Amino acid sequence: MFEKLIEMFSYPFMVRAILVGVMVALCSALLGVSLVLKRYSMIGDGLSHVGFGALAIAAAANVAPLIFAIPVVVLAAVLLLRISGSSKIKGDAAIALISTSALAIGVMVISMTTGMNTDVYNYMFGSILAMSSSDVELSVILSAVVLVLFVLFYHKIFAITFDETFAMATGVKANLYNTLIAVLTAVTIVLGMRMMGALLISSLIIFPALTSMRVCKTFKSVIINSAVISAICLFLGIAISYLWGTPAGASVVVINIAAFIIYSIIGMIKNIKNWPLT
Amino acid sequence: MVHDLSFEVGENDYLYIVGENGSGKSTLVKSLLGLKAPSKGKIELGDGLKLREIGYLPQQQDVRKDFPASVYEVVQSGNLGSRGFRPFYTAADKKRVRENMELLGIRDLEKQCFCDLSGGQKQRVLLARSLCATKKLLLLDEPVTGLDPIVTQEFYQLIYQINKESKIAVVMVSHDIESAVKYASHILHLQETALFFGTAEEYKKSEIGKEFLGGQSACLKN
């Protein structure tokens, strides 16, 4: 087992998958805390479907997938925020509307061009073979940008997540930062979705945040814990995917479920200990 | 809709804005904070007071109940307005957080989760946050909603003390007229337009003041 793990690092495609995967896992964990607390969890799911549609069109038109998909998904993210801001169509309905539309268009494009083949299967459920070396460069640079922006705007993101009205009253441009969060989420999702799969990428956003909230009670500790949990789960998931040939996305989610259960139990034990005091 | 309204708050004043539900109090608060532009007329800030330097305490239901945040983190977010585009807090900001927590007697709660506090403690924490945001003017929107009577009285005392000792002007939005005449220096009685604006003493003698105060004590007797 141990030898096999060492062997794993001798394959360039595995090193690429782990490198990009860990970067994406960190980004999505950080953004996920804010998204979950603002009740925007489903935005990740909606955007990943848009990403699926965009990748399908990119493949049909024979253009580089990331270069095409990133602007499209960013646009969809901004649009989603705008629509949920206006009262005509509510946020959850807007997300369902856009995501199913994009999925349908993607499926139509695929069936008219290449047909339903292994590529489509990989888009849906993820593959550790998805990353080419040129993708890696772009992915690492973009995830680094996401991480740096998150750290720079950490206090403002806390403020608008905790109490948007107060933040606006103290002069924080909440709409600007909401848009920033949506754009960063869009970029993260596109970078991660070919490895994790369109159906499962949103788990990277939701699971680490919810898991760390079982135990941690301050914003900072939730953020740090999410990042660590997310990176570890991703690594273990990829290793499982390599060892047993399972799809990468599903393997990572299974590990995340295990982490969630462990943290829930720790949280319960902590509560029982504190019980006589509260 | 609020119309034809004109009033002013001077340095160190304690203004109560009273009125029934739907009398336009929340609209007025939003306009004062600059979150909503008045359709006519304007709001002037003198003495170098900037819009983002108003210490605002929102109604309690605005603040999330299951949010993982420590008391320290919540109070510190009050410093954000003075940060501008600089990303991190300075030593002076941190000192301000500690001073305000000490002033409100919540220093020992520093590391606790905001969600585990009682209603009265939560309001103290949010008040400390507002104090970090301002040096001159506090704007409190129904701060005692949901607090029990004893905690309510303590909270009123605390705000009165801050107004007197820290020399910070207070604008309190409330429907509690009894406490208004007890603590306020000025009263604005709002009912879509200003039914009354003047000092608390004048209000007690005015027709409308007598009517409302008398009405309330009559209710209590029955």
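**A close look at one helix**

Tutor: Start with α2(A): 20 of its 26 residues are buried, so this helix is largely enclosed by the rest of the structure. Buried here means that 20 or more other C-beta atoms lie within 10 Å of the residue's own. Keep in mind that this is a predicted model.

Now trace the helix from end to end. α2 of chain A runs over residues 12-37. From first C-alpha to last, α2(A) reaches 38 Å, close to the 38 Å expected at 1.5 Å a residue. Then look just past the end of the helix. There, R39(A) takes a positive phi of about 65°.

How many helices and strands does chain A have? The count is 13 helices and zero strands. Along its principal axes, the C-alpha trace of chain A spans about 60 × 55 × 30 Å. Of the 278 residues in chain A, 49% count as buried. Next, consider contacts in chain A between residues at least 6 apart in sequence. Of these, 76% join residues at least 24 apart.

Chain A also touches chain B. The contact takes 24 residues from chain A and 23 residues from chain B. On the chain B side, β2 (54-57) and α2 (71-76) each supply at least two residues. By class, that side of chain B has 16 nonpolar, three polar and four charged residues.

Finally, look inside chain B. Which domains is chain B divided into? They are domain 1 (1-49 + 136-222) and domain 2 (65-135). The C-alpha centres of these two domains of chain B lie 25 Å apart. Their contact takes 11 residues from domain 1 of chain B and seven residues from domain 2 of chain B. On the domain 1 side, β3 (137-141) and α5 (149-165) of chain B give two or more residues each. The largest share of that side, four residues, comes from α5(B). By class, the domain 1 side has eight nonpolar, one polar and two charged residues.

Technical notes:
Residues are numbered from 1 along each chain as its sequence is written. Chains are lettered from A and ligands numbered from 1 in the order in which they are written. This is a predicted model: local features need pLDDT of at least 70, side-chain atom pairs count only at pLDDT 80 or more; totals for chains, interfaces and linings use all residues. Two residues are in contact if their C-beta atoms, placed from the backbone, lie within 7 Å. Ala, Val, Leu, Ile, Met, Phe, Trp, Tyr, Cys and Pro count as nonpolar, Asp, Glu, Lys and Arg as charged, and the others, Gly among them, as polar. Domain bounds come from an automatic or database domain assignment. The expected span of a helix is 1.5 Å times one less than its number of residues. A residue is buried if 20 or more other C-beta atoms lie within 10 Å of its own, exposed if 12 or fewer, and partly exposed in between; C-beta atoms are placed from the backbone.
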